[in-house]
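Please consult the sequence and the structure alongside the text.

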Amino acid sequence: MSGLGPARALPVVALGLAGVLYASWLIGPLLNPAFGLFDGYASELAARDQPYHLVFGLSDLVVGALASATGVALARRARGWARWAWWGLIAFGVATALDGTVSSMDCAPTTGGRCARLAELGELSWRHQGHSVSSSVALAGGVVSLLALLVAQRGRGAPFRWGLAVAAVLLVGTAGTLVDVAHPDVAPGVWQRVQLLGLSGWLVYAGVVAAVGRDSGS
């Protein structure tokens, strides 16, 4: 990165850090042994009744701030598909920041029978009920951004192929997560972890494209 000026290096640093922090669920079993690495949904680690929930909520807040700020800076000078990519990054950032703060969950439905019953009855707070909305917006922003980056990078060899690999992980994880939602008794959360790895990969990929891709701002 020594050949990059500050304006090009900053997206790599900011989005690279965001990608790492977005994988904070990997330390979930260490801080909250009630959750195995693939038990439940990762967002339940930030539920307000869980130990160390502030660690995971703060992680989402920092990821959201980094993604939003970087997206705003890049969108100002972008054109065409690249602009859609950075607007998607902004949407992801805002929604992720809300995930860890305003719309964090009240409790963890997959580990608490009482929480699951209250969720079915609709007796949890508006913050808890709004979590699915903010999470869906975050995912949609990430998917839109990645697809727009792929269009902007088409025909560029290695950058395009790396983007396709990240997209494959994200789309497979998303499809599996939809199956999890339809059949929650079958290993809930496993495919979501694949989806989250895809989103972390997208953040890192977006930072690299912003730094070295000639189409990232055109």
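## W81 and helix α4

W81 is partly exposed, with a relative accessible area of 48%; the term covers values between buried (under 20%) and exposed (over 50%), taken with a 1.4 Å probe over protein chains only. This residue belongs to helix α4; helices here are DSSP runs of H or I with at least four residues, and strands are E runs of at least two, numbered from the N terminus. Although W81 and L147 stand 66 residues apart along the chain, their C-alpha atoms are separated by 9.1 Å.

The model is predicted: local features need pLDDT of at least 70 and side-chain atom pairs count only at pLDDT 80 or more, while totals for chains, interfaces and linings use all residues. Residues are numbered from 1 along each chain as its sequence is written, and side-chain values use heavy atoms, with hydrogens and water left out.

A pair of aromatic rings is described by the distance of the centres and the angle of the planes. Rings of Phe, Tyr and Trp (its six-membered ring) pair if their centres lie within 6.5 Å; planes under 30 degrees apart are stacked, those over 60 are edge-to-face and the rest are tilted. By this rule there are two aromatic pairs. In one of them, the ring centres of Y22 and F92 are 5.4 Å apart and the planes stand at 65 degrees, so the pair is edge-to-face. Y22 sits in the loop between α1 (6-21) and α2 (28-31), and F92 in helix α4 (residues 80-99), so this pair ties together parts that are 70 residues apart in sequence. Y22 is buried at 11% relative accessibility, and F92 is buried at 0%.

F92 also pairs edge-to-face with W202, at 4.9 Å centre to centre and 85 degrees between the planes. Because F92 lies in helix α4 and W202 in helix α8 (residues 190-212), the pair ties together parts 110 residues apart in sequence. W202 is buried as well, with a relative accessible area of 0%.

## Disulfide

With a disulfide taken as a pair of cysteine sulfur atoms within 2.5 Å, the count is one. It joins C107 and C115, whose sulfur atoms are 2.0 Å apart. The link of C107 and C115 is right-handed, with 80 degrees about the S-S bond. Both ends are buried: C107 has a relative accessibility of 8%, and C115 one of 6%.

The expected span of a helix is 1.5 Å times one less than its number of residues. For the 23 residues of α3 this gives 33 Å, which agrees with the 33 Å between its end C-alpha atoms. Buried residues of α3 include F56, D60, V63, A67 and L74. T70 is also in helix α3, and counts as buried at 9% relative accessibility. T70 and A182 are 112 residues apart in sequence, and their C-alpha atoms lie 35 Å apart in space.

Helix α6 (residues 126-153) has 28 residues and reaches 40 Å from its first C-alpha to its last, close to the 40 Å expected. A kink of about 25 degrees in α6 is centred on S132, the bend at a residue being the angle between axes fitted to the seven residues ending there and the seven starting there. Just after α6, G155 takes a positive phi of about 80 degrees.

## Cavity and pocket

On a 1 Å grid over the protein atoms alone, a cavity is a set of points where a 1.4 Å probe fits but cannot get out, and a pocket is an open set with protein on both sides within 12 Å along at least five of seven lines; lining residues have an atom within 4 Å of a point. Grid points are joined across faces, edges and corners, and a volume is the space filled by probe spheres set on the points. The whole structure holds one cavity of 30 Å³ or more. The largest cavity contains about 30 Å³ of space, and its lining consists of S43, A46, D60, D99, S104, M105 and H131.

The largest pocket contains about 1,100 Å³ of space. Of the 41 residues that line this pocket, Y41, S43, H131, S135 and Q192 are the closest to its centre. Two or more lining residues come from each of α3 (53-75), α4, α5 (113-121), α6, α7 (158-182) and α8. The most is given by α6, with eight residues.
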